[in-house]
Amino acid sequence: GRDNVRGLIEMLGEPGSDQDVKPHYALHGLANHTLIVKDENGRRALCEVLCEALAGNHTPYVKGFLCQTLQWAGHRESVATLGKLLADEQLCDPAAMALVAIKDGAAEQLRSALPNAKGRCRLTILHSLAALADAGAAESFKQALQDDDREVRIAAGAGLAKLGDAGAVDLLLKAADTQPGWERIQAAKHCLVLAEK
């Protein structure tokens, strides 16, 4: 039941501590059990409690583990809660990984978080949109291709390539016309991926 799931979450401790091992394993096992026996009501209830806990005052470690659990068991009911974590540097990666695994409704959350995202969060969101090959992010990829950050430009190129949009040919060819090195190698790869698509 929901109260027992809340109890397990409250028992989670810091990584490597004796207090963490058993509740961590129990919560992971419970999530897997709902999937194996195809208990949709149980899975949904579990995910709703995990989402409640993500809005609470738990440590980043505990919230990261809850995101990982949603990565396994979450469906569309979890995406709004995960989307709220995309601006948090400590939680952006596990939240984005969960969203990419869920797929349904994930792209909308990632796209809406992108305009205000900074630094590592912005890069993570671009990578996630590229992994989803989200056509709705095409304009964002094109803008990010001009970014000052090399890694952001590379992620944007990967996103455009995966879309297979012929309108991106000139942009990707221009991006590949840069100094020899890592960025040029990646940009050339993006051109080949686009050609394959």
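## Confidence of the model

The chain has an average pLDDT of 94, and 100% of its residues score at least 70. These scores belong to a predicted model. Within the chain, helix H6 has the highest confidence, with a mean of 98, whereas helix H11, covering residues 169–176, has the lowest, with a mean of 91.

Helix H6 spans residues 92–102 and is mostly covered, since eight of its 11 residues are buried. These buried residues are Cys92, Pro94, Ala95, Ala96, Ala98, Leu99, Val100 and Ile102.

Several other helices contribute to this cover. Among the elements that lie over the buried residues of H6 are helix H4 (60–73), helix H5 (79–83), helix H7 (106–113) and helix H8 (119–132). After H6 comes Lys103, a residue with a positive phi near 70°.

## The packing of H6 against H8

Two packed helices are described by the angle between their axes and by the distance between those axes. For H6 and H8, the angle is about 10° and the axes are 10 Å apart. Angles under 35 degrees count as roughly parallel, and H6 and H8 are therefore roughly parallel to each other.

On the H6 side, the contact is formed by Cys92, Asp93, Ala96 and Val100. On the H8 side, the partners are Arg120, Cys121, Thr124, Ile125, Ser128, Ala131 and Leu132. Taken by type, the residues of this contact comprise seven nonpolar, two polar and two charged.

Thr124 is a residue of helix H8. Is Thr124 buried or exposed? Its relative accessible area is 12%. A residue under 20% counts as buried, so Thr124 is buried.

Which residues does Thr124 touch, apart from its neighbours within four places in sequence? Thr124 is in contact with Cys92, Asp93 and Ala96.

## Cysteines

How many disulfides does the structure hold? The number is zero. Cys47, for example, takes part in no disulfide. The cysteine sulfur nearest to Cys47 belongs to Cys51 and is 6.6 Å away, while a disulfide requires two cysteine sulfur atoms within 2.5 Å.

Cys47 has a relative accessibility of 0% and therefore counts as buried. Cys191, at 17% relative accessibility, counts as buried as well. Cys92 is one of the buried residues of H6.

How values were computed: Residues numbered from 1 in each chain as written. Predicted model: local features only at pLDDT ≥ 70, side-chain atom pairs only at ≥ 80, totals over all residues. Heavy atoms only, no water. Buried < 20%, exposed > 50% of the residue type's maximum accessible area, 1.4 Å probe, protein only. Helix = DSSP H or I, 4+ residues; strand = E, 2+ residues; numbered from the N terminus. Contact = heavy atoms within 4.5 Å. pLDDT = per-residue confidence, 0-100. Axes fitted to C-alpha atoms, helices over the stretch in contact; angles between N-to-C directions. Parallel < 35°, antiparallel > 145°, perpendicular 65-115°, else oblique. Nonpolar A, V, L, I, M, F, W, Y, C, P; charged D, E, K, R; others polar.
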